[in-house]
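Subject: Handover of a structure

Dear colleague,

Please find below the structure that I am passing on to you. The notes that follow it set out what was found.

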Amino acid sequence: MGKMKRRDFLKVSAGITAGAAAGPMIWVKDAHAQWSNAPEKGAKLRVLRWSRFVQGDIDQYMKNVQAFSAKYGIEVRVDNEGWEDVRPKAAVAANTGAGPDIILSTHDDANMYPEKLVDVTDLANYLGKKYGGWYPVCEAYLRPNGKNWIGIPLGCAGNCLVYRESHVKAAGFSSFPRDTDGFLKLMKALKEKGTPGGFALGNATGDGNVWTHWLLWAFGGKLVDASNKVVINSPETIKALEYAKELYATFVPGTLSWLDPNNNKAFLDGQVSVTPNGISIYYAAKTSQDAKVKEMAADINHANMPIGPAGVPTELNLFFNQMIFKYSKYPKAAKEFIRFMMEQEQYGPWMQAAIGYVTHPLVAYEKNPIWTVDPKHTPYRDSMKIMRPIGYAGRMGYASAGAAADFIVVNMVAEAASGQRTPKEAAERAQKRAERYYKV
Amino acid sequence: MHRLLNNRNALGMLFMLPAAALLVVFLTYPLGLGVWLGFTDAKIGRTGEWVGLENYEFLWGDSVTRLALFNTLLYTVAASVLKFFLGLWLAIILNQNLPFKSFFRAAILLPYIVPTALSAIAFWWIFDAQFSIISWVLTRLGLIDRYIDFLGDPWNARWSVIAANVWRGVPFVAITLLAGLQTISPTLYEAAAIDGASPWQRFWHVTLPLLTPIIAVVMTFSVLFTFTDFQLIYVITRGGPLNATHLMATLSFQRAIPGGALGEGAAIAIAMVPFLLAAILFSYFGLQRRAWQQGGTDR
């Protein structure tokens, strides 16, 4: 992914916004996108996907599956696994040449075994043409050579800063800061007011990786450059770590131990007033049986992660892909299934049922009412548009997957933030650890 | 065929075949495969190539692996020692004629019966930075003014997971030692009492020597279970904070499965074997002091 300046970003954003504003027009024009595919006779499909984060997701997904089966006469079996367990299963399926026809997985899984996956360029082109194009991060993940698509993006679980409006106002801020300097001031003010924020710094696969990568990138640091050379030990990283140290001082105690569920619990208990998370905290509050927690929902709002010296948004979100394996006896049926699920008639209601937990990968779906029915949903709408891939700025594959799974960036930030190591020492250690994965 | 079936040796071999097959398929082959993988750069989903000792050389210099080794040794030694003394103490108490003896003997097993994942979740809450019941009680009693950071401070986290392991492991030690205590003939205690032995002398010269074979077995198993512990750590800390509670088993999993580095993960797992063998050898040769058990002195 090329380096983008603030001005370039504004141009692209303006373009996308203008495109979205003229959405219906584009839609009509591109509705002529051609698709022809004849599923194999007698086809049966097995789909392995990550377990739902919100109930509405799986309910609507299965309704769509049933609609597909009714329309095409193709039986589809759907298995669910925790999202972290899908990765090893998908890899084993790829290696042994047996398993589900379609796997819905995360991040850079497809980049580990691209040669084992069915080329879905025709489908990606059709969907992209029909629905206003794919966001750039989709190509970074699933079109690694710039030509062929090795999977179809499904979306991402967006992360925003979830905050208490009343606390932010009480701290002297009329609106949520949009840059890292302002954000630090807010966090300091919240701490002084006795309503601190808190970000996970334990080995939290989701929440830990998401915000520490944002921080690193916000200051211009990165694990690797475009040629996969490890460059994390840089002045930009040190600046990010110095910032992390100041930020950590404003956190509620105990964040070094936080795993993925901790910030949700602490926020809903009123102990934390700002934390990065999916939309689930807001919905847990909104649908809570506890009147006190339900009341909190009115005070919750969301903001995109602040922009740092890098000058552009630098978010990381949990990316979802859809892969068809070459060993499948029914690749055409599998393609048809993914096409069907991605079409407006199915994808739209699914997005709504998932209450904004999954952000769309196709530009046209910005118009889905889920993003405007409640203005508090809107920041999550842009999660795909502004995110970077996990292996930024290099190529993705075993190295990027291994480095993230080993919490190299999370540990580096935690070490520096907590004062266990100086920023310089933490960056040096991360460099050594990462070099192992990217084998110098 | 008839002669073969009448041959005691041939028949013996035949009867042993199913057991041998099970051992080969479920023990020897996986262990052999693990050893082999440790010498390759295998990834999940990709067959590896032979890299010799490269994985081990890297692990030797890897600060996280070294930390995990230190954590594992500390965890095993501290938890095993505590489990032994607490277990022995409990066993001796339960061996007395107490009221509701059967109830207490059954109740003591509870921590061992509860699935580890469930008790780990309970401890996760008990040690939570924001919701810890311990901190809550101490705050209410006015003994502390802020919650204890059980899992956020590296040393607090180490002792917290050791405490969870001890809680879970003590019943196994206590009940097994209780079984051992009940095999000791009361006449030996009567004879010792007639000789004027004090309770301590009875314990030291009668109970302990006769209990040693059981202690050797139970502590061997206890050390093995503790050294290879995974579930408690994975649920409570996932190896954090700052890898301060990563054990060899959890690090091996993290590198091999989510990280995809199957060869390196296997190498970490295989690196545990010499330590486990040493623990077994110590238990068998160190604690099986037969002469001492019979009132003599081992040479």
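Into which domains is chain A divided? The model is a predicted one, and in it chain A consists of domain 1 (6-156 + 317-367) and domain 2 (160-315 + 406-437). Their C-alpha centres are 29 Å apart. Domain 1 of chain A and domain 2 of chain A each supply 10 residues to the contact between them. On the side of domain 1 of chain A that touches domain 2 of chain A, six residues are nonpolar, two are polar and two are charged.

I turn next to the strands of chain A. An open sheet is formed by six strands in the order 2-1-3-8-4-9, with mixed pairing. Strand 2 and strand 9 of chain A are at the edges; each has a single partner strand, so one side of each lacks a neighbour in the sheet. Within chain A, strand 1 (residues 44-50) and strand 3 (residues 102-106) run parallel and are joined by two bridges. Val47(A) has Ile102(A), in strand 3 of chain A, as its bridge partner.

Another pairing in chain A is that of strand 5 (residues 160-164) with strand 7, which run antiparallel and are joined by four bridges. Here the bridge partner of Val162(A) is His302(A) in strand 7 of chain A. Strand 7 (residues 300-303) of chain A has two faces: Ile300(A) and His302(A) belong to the covered one, whereas Asn301(A) and Ala303(A) belong to the uncovered one.

Helix 3 of chain A may be read in some detail. This helix covers residues 55-72, and its 18 residues should span 26 Å at 1.5 Å a residue; the end C-alpha atoms are 26 Å apart, in agreement with that value. Which residues of helix 3 of chain A are buried? They are Asp57(A), Gln60(A), Tyr61(A), Asn64(A), Val65(A) and Phe68(A). Viewed down the axis of helix 3 of chain A, these buried residues lie within an arc of 150°, so they line one face of the helix. As a general point, an α-helix has 3.6 residues a turn, so residues three or four places apart point the same way.

The buried residues of helix 3 of chain A pack against strand 2 (75-81), helix 14 (331-342), helix 15 (344-353) and strand 9 (358-359) of chain A. Turned away from that buried side is a face of helix 3 of chain A with the exposed residues Gln55(A), Gln66(A) and Ala70(A). After helix 3 of chain A comes Gly73(A), which has a positive phi near 70°.

Chain B has 15 helices and zero strands. Its C-alpha atoms occupy a box of roughly 85 × 70 × 40 Å along the principal axes. Of the 299 residues in chain B, 35% are buried. Among contacts in chain B with a separation of 6 or more, 68% are between residues 24 or more positions apart.

Arg146(B) lies in the loop between helix 8 (133-140) and helix 9 (154-181) of chain B. Is Arg146(B) buried or exposed? Arg146(B) counts as exposed because it has 8 C-beta neighbours inside 10 Å, and the cut-off for exposed is 12 or fewer. The C-alpha atom of Arg146(B) is 9.9 Å from that of Gln130(B), 16 residues away along the chain.

Finally, the two chains meet: 29 residues of chain B are in contact with 32 residues of chain A. The side of chain B that touches chain A comprises 12 nonpolar, 11 polar and six charged residues.

With kind regards

Definitions and conventions:
Residues are numbered from 1 along each chain as its sequence is written. Chains are lettered from A and ligands numbered from 1 in the order in which they are written. This is a predicted model: local features need pLDDT of at least 70, side-chain atom pairs count only at pLDDT 80 or more; totals for chains, interfaces and linings use all residues. Domain bounds come from an automatic or database domain assignment. Two residues are in contact if their C-beta atoms, placed from the backbone, lie within 7 Å. Ala, Val, Leu, Ile, Met, Phe, Trp, Tyr, Cys and Pro count as nonpolar, Asp, Glu, Lys and Arg as charged, and the others, Gly among them, as polar. A residue is buried if 20 or more other C-beta atoms lie within 10 Å of its own, exposed if 12 or fewer, and partly exposed in between; C-beta atoms are placed from the backbone. The expected span of a helix is 1.5 Å times one less than its number of residues. The arc is that of the directions from the helix axis to the C-beta atoms. Two strands pair if DSSP finds at least two bridges between them.
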